[in-house]
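Have a look at the model first, then dig in.

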Amino acid sequence: MEMGRDITPGRLSNRVAFETDIKNENNNDQSQCEEARWRKFLAYVGPGFLVSLAYLDPGNLETDLQAGANHRYELLWVILVGLVFALIIQSLAANLGVTTGRHLAELCKAEYPWMVKICLWLLAEMAVISADIPEVIGTAFALNILFRIPVWTGVLITGLSTLVLLGLQRYGVRKLELLVSSLVFVMAACYFGEMSYVKPPAGEVLKGLFIPKLKGKNATGDAIALMGALVMPHNLFLHSALVLSRKTPPSKRGINDACRYFLMESGFALFVALLINIAVVSVSGTVCSDKNLSQDDADKCSNLTLNSASFLLKNVLGKSSSIVYAIALLASGQSSTITGTYAGQYIMQGFLDIKMRKWLRNLMTRCIAITPSLIVSIIGGSSGAGRLIIIASVNIFKC
C-alpha cells in the first residue's frame with residue numbers, strides 16, 4: 001500500500017507532464033502553421049497594389065474633386081459601388097491567370113479569330129491611351145506646381161521618367177511593386193493628412209457612402225464621370241499577367257490558395273484606394289461648402305481642376321499646401337503611368353506576339369500613349385490639358 005501511495009502520484013505527475021508536452025507541441029505546430037500562412041500570403045502581395053493605382057490616377061482625383069465641390073459627400077456611394085465591382089472583376093482576372101498559366105491577351109489571341117483579335121487589340125490600346133492621358137497630364141501639372149515648368153515639358157519628362165523607373169524590371173518585378181506600393185502610401189499619407197486638417201463631418205461622409213442620392217444640378221453627369229473614371233479595362237490584362245510572376249504549386253490546393261491570397265491582397269489594396277478617394281472627395285466637399293469661402297475661392301470651386309486644387313488647403317497649410325498637394329499628385333501620376341505602360345507592354349506582347357527587347361517595347365508603348373497629351377498640351381496649354389482629362393476619363397473606349 002505504501003508503494004501504491006508512492007507510485008500513484010508519480011504516475012499522475014508524469015501523465016500531466018506528458019499532456020502538457022502534447023499541448024505545447026500542438027500550440028507550437030499551430031503557431032508555425034500560422035506563420036507559414038503569413039509568409040505564403042506575403043509572397044503573393046504586390047500585384048494588387050499595382051492594379052489599385054489605376055483607381056487612384058489623376059483622372060479619378062479630378063472627378064473626385066469636382067464631385068466633392070459640387071455635391072459635397074452625396075456621391076461617395078458611386079465610388080464604393082464602383083470599387084466593389086472592380087474587386088470582383090479584378091479577382092476574376094487574377095484567377096484566370098493563376099488557373100490557365102497565361103494572361104488575358106495571350107488567351108484572346110489563342111481563342112478568337114484573326115479579325116476579332118485585331119479589333120480587341122485596337123480597343124485595348126485605345127483604353128490604355130485614354131487611361132494614360134490623365135496620368136501623364138496630372139504628373140505634368142504636379143511638376144508645373146513644384147518647379148514652374150511648362151505642361152508640355154512635364155509631359156516629356158513624365159514619359160522619360162516612366163521608362164527609367166520601368167528599368168527596375170531587370171532586377172525583378174518585386175522591386176517595381178515595392179516602388180509603386182511606396183508611392184501609394186506616400187499618396188495616402190498626403191491625402192489623409194489633408195483630411196485630418198479639414199476634418200469633414202463623419203456622419204455626413206458615412207451617409208454619402210451608404211445612402212445613394214442623385215440630387216442637385218448635374219448630379220447624374222458627375223456620377224457618370226465618377227463611374228467612368230473607375231472603368232479600367234487595361235487593368236484586367238495587367239492583373240492576369242502580374243499573377244504569373246508568382247510560383248503557384250501545380251495542384252488543386254495550390255491554385256485555390258493562390259486565388260484566395262490574391263483576392264485578399266486585392267481587397268486590401270482596393271480598400272486603401274477607396275479610403276484615398278473618400279479623403280479627396282471629403283476635403284473638396286468640406287472646403288468648397290464653407291460659409292466663409294472667399295469669392296475667388298468660390299469661383300475656383302465652381303470649375304475645379306488638378307492645376308488649381310492646391311488652394312483647398314491654403315487656409316490651413318499656407319504656402320506649403322501647394323507642395324503637399326503637388327507631391328500627392330506626382331505620386332499618383334507617376335505610379336499610374338508606370339502601371340499603364342506595363343499593361344500596354346503585356347497587351348502588345350500577348351496580342352501580336354512581337355519578339356523585341358523589353359526597353360524597345362516600353363518605348364513604343366510610351367510614345368503611343370503620350371502623343372495625344374503632348375499635342376493637346378502644346379496647342380491648348382494647361383486649360384486644354386485639363387479639359388482633355390475629363391474627356392479621357394469617360395472615354396467610350398474605356399466604357
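Q: Which helix gives the most to the lining of the largest cavity?
A: Keep in mind that we're working with a predicted model here. Helix 8 (173–198), helix 12 and helix 15 (320–352) each put at least two residues into that lining. The top contributor, with three residues, is helix 12.

Q: How much space lies in the largest cavity?
A: Searching the whole structure turns up one cavity of 30 Å³ or more. Its lining includes Leu65, Tyr191, Glu194 and Tyr325. The space inside the largest cavity comes to about 80 Å³.

Q: What is the volume of the largest pocket?
A: Now for the open space. The largest pocket has 13 lining residues, and nearest its centre you'll find Tyr55, Ile89, Leu230, Val231 and Met232. By class, the lining has 10 nonpolar residues, two polar and one charged. The volume of the largest pocket is about 230 Å³.

Q: Which helix supplies the largest share of the lining of the largest pocket?
A: Two helices to look at are helix 4 (76–100) and helix 10 (219–230), each supplying at least two residues of this lining. The largest share is five residues, and it comes from helix 4.

Q: Which residue does a disulfide join to Cys288?
A: A pair of cysteine sulfurs has to sit within 2.5 Å to count, and by that rule there is one disulfide. The S to S distance in this pair is 2.1 Å, and the partner of Cys288 is Cys301. Cys288 belongs to helix 12 (residues 252–288) and its partner to helix 13 (residues 295–302), so the bond ties together parts 13 residues apart in sequence. Both ends are buried, Cys288 and likewise Cys301.

Q: Is the disulfide of Cys288 and Cys301 left-handed or right-handed?
A: The thing to check is the torsion about the S-S bond. For Cys288 and Cys301 that torsion is about -80 degrees, so the disulfide is left-handed.

Q: Is Cys119 buried, partly exposed or exposed?
A: Buried means under 20% relative accessible area and exposed means over 50%. Cys108, at 10%, is therefore buried. Cys119 has 40% relative accessibility, so this residue counts as partly exposed.

Conventions: Residues numbered from 1 in each chain as written. Predicted model: local features only at pLDDT ≥ 70, side-chain atom pairs only at ≥ 80, totals over all residues. Heavy atoms only, no water. 1 Å grid on protein atoms, 1.4 Å probe; cavity = no way out; pocket = protein on both sides within 12 Å on 5 of 7 lines; lining within 4 Å. Points joined across faces, edges and corners; volume = space filled by probe spheres on them. Helix = DSSP H or I, 4+ residues; strand = E, 2+ residues; numbered from the N terminus. Nonpolar A, V, L, I, M, F, W, Y, C, P; charged D, E, K, R; others polar. Buried < 20%, exposed > 50% of the residue type's maximum accessible area, 1.4 Å probe, protein only.
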